[in-house]
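Reader: Please walk me through this model. Keep it brisk.

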Amino acid sequence: DKFLGDGVLATFGTPEPGKADAANALRCAQRIFDLVDEWNTRRIDAGFPAVRLSIGVHYGPVVVGDVGTERRLEFAVIGDTVNVASRLEESTRTIGSRMVVSNDLVDAAIRDTPEVADGLLVGLSPHKNLELRGRDQTINVWTYGRVE
């Protein structure tokens, strides 16, 4: 959806939600790690440093649409779900994980695509609840991979 400096905001189920949105988001994040790991192997072999990647994934309602004026109009995705995903990505640095996924996303993926649920959870580990900046309540999360 959007490039944010050295980050990317990606959405699944916009503009029309589907049954596999949560599973697709999780599969996409895992595949990104596979591809970056392959790329890093080639980078290291060529004498370049590895690229560090971190991802936060959350599931929930958002507000989508065109925002702005006639002079500058852009498609936007806003809401608490977007903020939580960003905070989950931030938390990867403090807990030493490559990816932090909300339990809301895991629950939705299992509920909506039970036929692939086992494969989706490969590499994910439950983690203690996290406190996120700007939120009163903790959030249940899963982690994927350790930062080396």
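**Fold and salt bridges**

Author: The protein chain has four helices and eight strands, taken as DSSP runs numbered from the N terminus (helices H or I, at least four residues; strands E, at least two). This is a predicted model: local features need pLDDT of at least 70, side-chain atom pairs count only at pLDDT 80 or more, and totals for chains, interfaces and linings use all residues. Residues are numbered from 1 along each chain as its sequence is written, and side-chain values use heavy atoms, with hydrogens and water left out.

Reader: In what order do the elements of the protein chain run?

Author: Read from the N terminus on. The order is β-β-α-β-β-β-α-β-α-α-β-β.

Reader: What radius of gyration does the protein chain have?

Author: The radius is taken over C-alpha atoms, and the globule rule is 2.2 Å times the number of residues to the power 0.38. With 148 residues, a compact globule would come near 15 Å. The chain agrees with that, at 16 Å.

Reader: How many salt bridges does a search of the whole structure find?

Author: A salt bridge needs a side-chain nitrogen of Lys or Arg within 4 Å of a carboxyl oxygen of Asp or Glu. Side chains of opposite charge can pair when their charged atoms come close. The search of the whole structure finds seven.

Reader: Which residue meets arginine 98 in a salt bridge?

Author: The N to O distance is 2.7 Å. The pair links distant parts of the chain, 61 residues apart: arginine 98 sits in strand β6 (residues 97-102), its partner in helix α1 (residues 21-45). The partner is aspartate 37.

Reader: Is arginine 98 buried or exposed?

Author: Buried means under 20% relative accessible area, exposed over 50%, partly exposed in between (1.4 Å probe, protein chains only). Arginine 98 has 18%, so this residue is buried.

Reader: Where does the salt-bridge partner of glutamate 90 lie?

Author: Glutamate 90 forms a salt bridge with arginine 133, closest N and O atoms 2.8 Å apart. Glutamate 90 is in helix α2 (residues 80-95), 43 residues from its partner. Arginine 133 lies in the loop between β7 (124-130) and β8 (139-146).

Reader: Which residues are linked with Asp112 in a network of salt bridges?

Author: Aspartate 112 lies in helix α3 (residues 103-112). Aspartate 112 has a relative accessible area of 15%, so this residue is buried. The residues linked with Asp112 are Lys19 and Arg111.
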